[in-house]
Amino acid sequence: MVVNYTQALRAEFFDITRPGASAQELAAHARHIEDGLLFLNGGTVTGLMPWEEGRSQLLHDGDYLDFRGRLIIPGFVDTHLHYPQTEMIGAYGEQLLEWLQAYTFPVEGQYVSHDHAARMSAFFLSQLLSNGTTTALVFGTVHPQSVNALFSAAERVGMRMIAGKVMMDRNAPDYLTETPEQSYRQTRDLILRWHRRGRLNYALTPRFAPTSSPELLGAVQKLREEFPDTWLHTHLSENSDEVAWVKSLWPEHDSYLGVYHHYNLTGRRSVFAHGIHLQECEWDCLHRTDSSLAFCPTSNLFLGSGLFNLKKCREKGVRMGIGTDVGAGTTFNMLQTLAEAYKVAQLQSYRLCASEAFYHATLGGAHALDLDDKIGNFQTGKEADFVVLDPAVTALQKLRYANSRDIYERLFMLMTLGDDRNIWQTWVDGKCVWRRDALEVAV
């Protein structure tokens with residue numbers, strides 16, 4: 001077999017080749033090539049093989065980028081975050097509902113300005129790419145210009161992005177609320193403009209049930225029926241007071257998830273952030289409808305929301321990806337986020353191993369977003385999104401890296417001691433769009 005390629009990269013590689021139902025299955029599907037060649041044809045992977053096998057495919061000796069000493073993994077997939085909240089990350093002292101009123105809503109009000117949205121979109125994407133994230137599911141604000149600015153910036157980079165305008169008509173400041181009719185009309189216009197445009201896709205984005213009237217969720221349902229291949233992105237059972245509030249607002253429904261399910265908003269490509277305080281019937285509904293959860297450990301700890309039950313999520317067979325949830329989340333960096341995920345699991349006597357953790361941040365996140373046929377590993381035909389890691393950049397990392405016995409200990413060291421300094425390059429659609437020795441990304 002002759003591999004068609006426009007460029008080749010030589011390095012160490014790690015990926016998970018297929019989704020698995022257990023940590024043991026994921027370990028069985030892990031692929032580690034200590035010295036390998038990755039072949040790309042434009043923005044597509046055309047082959048990954050060990051050096052001794054791949055070198056025969058080269059057109060000329062030395063016809064490759066030599067990244068030996070680096071580890072290449074699939075690009076990180078962030079399944080939940082808010083780009084307007086970038087500028088209020090690390091806001092002190094509140095839990096969810098008070099935090100929204102004190103910090104979030106005032107900041108989001110600024111996105112009525114297209115110029116402000118454009119500046120923050122560029123900054124936001126630079127933060128994602130400098131942390132190795134190549135795909136994200138993102139909240140905008142209630143303003144259409146917030147989404148136009150974000151999609152425009154992502155399109156210039158060639159990034160795979162799913163985003164949407166917040167839909168919200170009650171229990172929020174007047175300057176951030178809209179009528180259901182206005183929300184439907186503006187959202188529909190955005191879908192027609194951006195959905196399936198290159199690598200961009202649209203997510204219907206009702207903020208959460210407390211800020212949604214029955215009429216608004218009816219409008220979301222109507223849009224989902226008109227555009228069944230869009231995504232649905234919202235919040236679910238993040239905070240115990242929030243759950244009680246939903247019960248008071250929607251007493252006719254037996255659960256928080258039941259509100260969304262009533263409007264046919266569950267299902268594949270429906271992604272619910274958090275899912276900490278779930279009833280048994282909600283877990284069963286998530287599994288039955290093939291819905292997804294976004295596990296956001298740094299946010300859940302920062303706001304004191306609770307501990308996500310990773311073990312139960314896997315036992316129930318619910319799709320799940322990792323979300324940084326900036327700005328309640330305290331980092332864009334997926335390595336640091338996985339470190340917190342490990343601690344959350346430890347507090348519940350679940351041992352999150354490195355292969356499972358990196359799965360959730362790559363192929364697992366792609367699976368949660370129903371994109372695992374396109375991204376998440378280095379299978380032939382996949383889109384060429386990946387991150388080149390410098391696996392030991394500090395004295396402590398170098399010490400620990402040197403005495404690690406295998407790739408799994410090295411990966412675990414990276415997810416517990418790593419940060420943005422370990423991101424050497426980020427590649428999107430077969431192009432290097434960020435590198436550590438450059439100060440800017442072209443957005």
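Leaving aside neighbours within four places in sequence, Leu 293 is in contact (heavy atoms within 4.5 Å) with Leu 236, Phe 272, Gly 275, Leu 278, Trp 283, Leu 286, Phe 308, Cys 313, Val 318, Arg 319, Met 320 and Gly 321. The model is predicted, with local features needing pLDDT of at least 70 and side-chain atom pairs counting only at pLDDT 80 or more, while totals for chains, interfaces and linings use all residues. Residues are numbered from 1 along each chain as its sequence is written, and side-chain values use heavy atoms, with hydrogens and water left out.

Together with Met 161, Leu 293 touches the most other members of the largest nonpolar core, which holds 108 residues. Such a core is a set of buried Ala, Val, Leu, Ile, Met, Phe, Trp, Tyr and Cys residues joined through side-chain atoms within 4.5 Å; buried means under 20% relative accessible area with a 1.4 Å probe, protein chains only. Helix 5 (residues 144-157) supplies the largest share of this core, seven residues. Another core, of 16 residues, lies apart from it and includes Ala 11, Phe 13, Leu 48 and Phe 386.

Zooming out to the whole chain, 63% of the 443 residues count as buried. Among contacts between residues at least 6 apart in sequence, 76% join residues at least 24 apart. Along its principal axes, the C-alpha trace spans about 65 × 45 × 40 Å. The accessible surface (Shrake-Rupley method, 1.4 Å probe, with only the protein chains shown counting as cover for residues) comes to about 16,500 Å², and carbon and sulfur atoms account for 49% of that surface.

Technical notes. Buried means under 20% relative accessible area, exposed over 50%, partly exposed in between (1.4 Å probe, protein chains only). Helices (H or I, at least four residues) and strands (E, at least two) are DSSP runs, numbered from the N terminus.
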